Amino acid sequence: MERLHILDGHGYIYRAYYGIAGAGRGAHLSTKDGMPTGALYVFTQMLIRLYIDVRPEHIAVVFDAPGRTFRQELDADYKATRRETPEDLKPQLPYFQQITEALCWPVVCRESVEADDVIATLVSRARGRGWDAVVYSGDKDLMQLVDEHVTVIDSLRDITYDAARVEKKFGVTPAQLRDYLALVGDSSDNVPGMPGVGAKTATKLLGEYGSIEGIRAHVDELKGKLKERFRDPAALSQLERSRALVTLASDLDLEQDLDDMVQQPWDGPRIERLFQRLEFETLLERLSAAVPAVRQARAAGDLDPNESGGESALSAAADPLPDPIVVTDAAALAPVLAAAAAAGRMALAIETDGARPDRAHLVGLAVAAAGAAPAYLPLGHRYLGTPEQWSEIPAALAHLCADPEVAVVGHDVKSIRRALAGCGVTLTGIRDDTMLAAYLLDDQDDLSIERIATDVGIDIADRKSLLGTGRSRIGFESVPVEAAAARAGRVAAAALALAPRLRARLGRAQLEPLFDDIEVPLAVLLADIEPLGITLDLPYLRALSDELGGQIATLERQVHALAGEEFNLGSPKQLGLLLFDKLGLRADKMRKTKTGSYSTNHDVLESMIGDHDIVPLIMEHRELVKLKGTYLDALPPLVNPKTGRIHTSFNQAVAATGRLSSQDPNLQNIPIRREIGRRIRRAFIAAEGKTLVSVDYSQIELRVMAHLSGDPVLTRAFRDGVDVHAQTAAEVFGVGLDEIGPDQRRVAKAVNYGLMYGQSDFGLAQNLGITRAQARHYMERYFERFAAVQVFMDRVVEDARRDGVAVTLLGRRRSLPELHHKNHQRRKAAERMAQNTPVQGSAADIIKRAMLRVDARMKQGTWDAAMLLTVHDELVFEVVPEQAEDFAAAMVAEMEAAYQLDVPLVATVGIATNWADAH
C-alpha cells in the first residue's frame, strides 16, 4: 500500500525553537554578522533525521501561509492570546521553507487557511486513493484525523498515535476528538469551549452520549449547572463557534496533486549555498560528502516504513526476541526444527575456533525460525567444566539443511556452507545472505551483523568482547556455552528478521536479479571451490627463495657501496636520513610522516629514479624482499597438512567495484607482468595425474569500454580482430598498423588502460617515464581519435554526480559521496572512481556470470575436472589430461557467452602442468 508522509512544517519550527533549541539555549548559535540560527540548525537536523529514519517516497511539508485565515474571520479573538514571534526567531523564518525545498521535499502552502486544513485535505485525498497517511506533528487538533489508515507521530517524544493511543491520551476516540476539543476549549488558540466543562466531564459526556448532538438530545438527563449550560443559548452559541474553530477543512482546492508529493534528489548546490550563508560549517562538511550517498540510499530504499507502522526505522524494533536457548538433546531441538519446517525457512549462524577456514573447527551452530526461540547447539567448546555437547550435527537438522524446499538465511552463507560441509552436512536451500545484501545496498566498509542488526532492534555482543584482546585473548572454543548461545542465537535471529527487509530494499533498487542470480549462487560456488585448493611445488619454491635471497644480498651490497656506509634497508627512518640528509637528494621530494621521519614510500622513491643510481637499486631490493616474504617464504606454511594443498579464501563483499579478492594467500597481487611473478606462478602445479587449464578473458575491460562508449574506432578494432593496443598506437602516433613497434605499443597499452581509469598526465608520465608535456600530448591525441570515449567518461561522471552512484551493466551500484567534496583531490579521486566503476565493475559482473555458467556446464558433463581458482579475469581448472582439450573448448564457449556485448567477448586458453605455463 502506498503511504503519504505529511510534515507539519510550522509545528517543526516551533518545536525546534522551544522544544530543543529553546529561547535561551539556542541563542549562542548565530552567524558572524549576528543572525541567530539555533532553530534553523535543529530544524535541519530534524528533517535529516526523519529522512534517514523513514526514507519517505511520497511526502509533503505543509507551512502556514502569511495573513489572516477564515477562523479569524469567524472569531476575531481566535489565537489572539498567542505570544508574539520571538525576536531571535523572526530573522530565521524565511529560511525554513528554503531548507525544505533544497532537500527537495514538496512544500504545500495555501492562503486563508491553516496548515492543519491543508494536512486534513491531503489525508482525505490519500484515503480516497486507498493510501495510508502518516502525519508528523505534536498538534492535538490533527489527532482527530487518526483511523486505521492514518497515524500521527510526535517525533520529538517518539510517540506514534494510532486510534488506541489517542483514546488512551484523551479518553475519547479520534472521531470524537473534535467534539472533545470544542467542549474543553484550547487556551493556546483561545478557543473558549463550553463553560464549566473540563476534560473529565467532556470524556464522561462523550462516553455516554457519543457526540455534542447526543448530549443535547439527552439534556434532560444532565444535572445542575451542566443542564443549565446546555440549555443556555449563549453557551450553546459559544460551543458551536468553538466546534467550528476546531473543525478541520478537508476539502480544499489545492494546486498540487498527490502524484506531485514525491521525494526528489537533494539539491546539493542549493544546500551548499544555504549552509554557507547560515554558517553551518560542520553540517555542511558532513552533508557535502553524504548528500549523494543519502540520495542513492533513497533510490535504493531502506527499511520499508510499512513494516514499522511509520515509526522511526531506527527505534522501531521487531517483536521482542526470545532469549536463545542451549539445546543438547533432540527433544529440546525439536520445537525450532518444527517451526523451521512449518515455515519452510530458517536462519543459521556458526561460530568457529578462529583458525584459517581450511583448518577451522565448528564450535557451535545456531538455528532460528519464526515462532520459536533461537537454539544453539554446542559442538566444540573446550574449557574446564564444559557442559554436555553434540558429538556431531544431529540427523534431523542435517536433513533440514539438505532439503532444498527449506529456505536458508545467513550472514555470510559461504562460510556457513563451508563449515557445515566440513561436518558432512550439505546446505542446499540458501536463499538470502544479509551480508551480501547489505554489501549491494550500502557500499559500506562495516558489513558486520552487529551493525546491521540494529535496524531490527537486536543488539549482538561483539566477538571481541567475548574473546578479549592481547595476551588474555581466548579462542571461541573457550567461550562459555551460555555466552556463545546468546551471541550466535541473536545473529541467527537478526539474519532471519533482516532478510525480508533487505530483500525489499533490493527490490526497490532493482538489485534483486544481481543478488539472486549472481551473488548468492556465487557464494555457494565459492564455498565449494575453497576446500579444493591447489598443489604447490615446495622444493621449487625453496630453491626460488634461496635464489631471491642471493639477489637481495647482492642488491644490499650494491646499495651500501653507493651509500658509502652500511645501514638497514628495511628501516624507513635510516633510509630517509641517507637519501635526504647524507646524499642531499632534492628537497622538493622530502615529505615527513606523522612520526616526523622522512617518507620513503613507493611514490617518493619513484619520483627520484633519475636523481641517483641508488634509488632504482633500493626499489628493486624492496620489491624482491616483499615478494620473498609475501609468497616464497609465506606460502609453504599455508599448505594444509591434511590435503597437501593450499587453500585461498575469496572475499565477495570487499571491493567496491564488485571484484572478488582473495586472502591467505592473496593471489590477486602476484606481479604477473614481471618475470619473478611468472616464476612464482610456476610453483602452483596440477596434482599427480592431472593438468591445469587456464581460461582468461582477453582485454575484457577495453571491450566493455567499447560497448559502453560506442566508440567507432575502438569497436571496429575489436570486431575486426585487430590488436587494440596496436590500433591505439596507430591512432596516437599517426602511423600505419604495420609501422607500429614494441615501444609504441607499450605506450599505447599504458594509454588505453590509464585513461580508461581517469589517469592524469602526471600519472601517465610517471608510468611511462616521460615528461608531463609528452604525456599530455598522448592524451590529447587519444581523445581526438577516440572522441566517444571522452564523451562517455564525461557523461558517467555527471550522471554519478547527479545520482550519487556509478552503475555497472548488470545494475551494481557504487556510492560516490565525495563527488561533491570541497577538497579538489578527493573530488578528482571520486571522479576517477566514477569513470572506472562501470568498466571494471561490469567486467567483474561478467566473470561472475561466467563462473556460474561454467559450473553449470561442468555439472552437465562427464568431465573429471574441478574449478580451483578465479583471479581477476581468469579461471583455473584441474582436469585429467585426456579430457583437457575438449574441456577447455567447452569452458571457452561458456565464458564467451556469459554476456552479449556490442563487440566480441573473447577468452583464451592455456593447458600445462603449472599455472605460469597454462596462463
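**Notebook: sheets and helix packing**

I looked up strand β8 (residues 345-352) and found it paired in the parallel sense with strand β11 (residues 407-410), over four bridges. I note at the outset that this is a predicted model. Within the pair, M346 has V408 of β11 standing opposite.

I then traced the sheet around these strands. Six strands form an open sheet with mixed pairing, in the order β7-β10-β9-β8-β11-β12. I recorded β7 (325-326) and β12 (430-433) as the edge strands, each of which pairs on one side only. Helix α20 (residues 481-508) packs on this sheet and touches β7, β8, β9 (362-368), β10 (375-378), β11 and β12. The direction of α20 makes about 140 degrees with that of β8.

**Entry: the sheet from β1 to β6**

I next looked up the open sheet that runs in the order β3-β2-β1-β4-β5-β6, with six strands and mixed pairing. Its edges are β3 (107-108) and β6 (159-161); each has a single partner strand, so one side of each is left without a neighbour in the sheet. I followed β6 to strand β5 (residues 150-154): the two run antiparallel and are joined by three bridges. Here I found D154 opposite I159 in β6.

**Entry: aromatic pairs, and helices α2 and α4**

I found 10 aromatic pairs in the structure. One of these, F43 with F96, is edge-to-face, at 5.0 Å centre to centre and with 80 degrees between the planes. The pair links distant parts of the chain, since F43 lies in helix α2 (residues 38-54) and F96 in helix α4 (residues 93-102), 53 residues apart.

I therefore examined how these helices lie against each other. The angle between α2 and α4 is about 25 degrees, and their axes are 10 Å apart. Angles under 35 degrees count as roughly parallel, and α2 and α4 are therefore described in that way. I noted their crossing as right-handed. On the α2 side the contact is made by A39, L40, F43, T44 and L47, and on the α4 side by Y95, F96, I99 and T100. Sorted by class, the residues of this contact are seven nonpolar, two polar and no charged.

**Entry: helices α28 and α34**

How are α28 and α34 oriented to each other, parallel or perpendicular? Helix α28 (residues 700-709) packs against helix α34 (residues 787-803) at an angle of about 85 degrees, with the axes 9 Å apart. That makes α28 roughly perpendicular to α34. I listed M705, L708 and S709 of α28 as making the contact, together with A788, V789, F792, M793 and R795 of α34. Six nonpolar residues, one polar and one charged make up this contact by class.

**Entry: helices α29 and α30**

Lastly I looked up helix α29 (residues 712-719) and helix α30 (residues 724-733), which pack at an angle of about 140 degrees with their axes 9 Å apart. That makes α29 oblique to α30. The crossing of these two helices is right-handed. The residues in contact are V713, L714, A717 and F718 from α29, with V724, Q727 and E731 from α30. I counted this contact by class as five nonpolar residues, one polar and one charged.

Notes: Residues numbered from 1 in each chain as written. Predicted model: local features only at pLDDT ≥ 70, side-chain atom pairs only at ≥ 80, totals over all residues. Heavy atoms only, no water. Axes fitted to C-alpha atoms, helices over the stretch in contact; angles between N-to-C directions. Parallel < 35°, antiparallel > 145°, perpendicular 65-115°, else oblique. Left-handed = near helix turned anticlockwise from the far one by under 90°. Contact = heavy atoms within 4.5 Å. Nonpolar A, V, L, I, M, F, W, Y, C, P; charged D, E, K, R; others polar. Pairing = 2+ DSSP bridges. Phe/Tyr/Trp six-rings, centres within 6.5 Å; stacked < 30°, edge-to-face > 60°.
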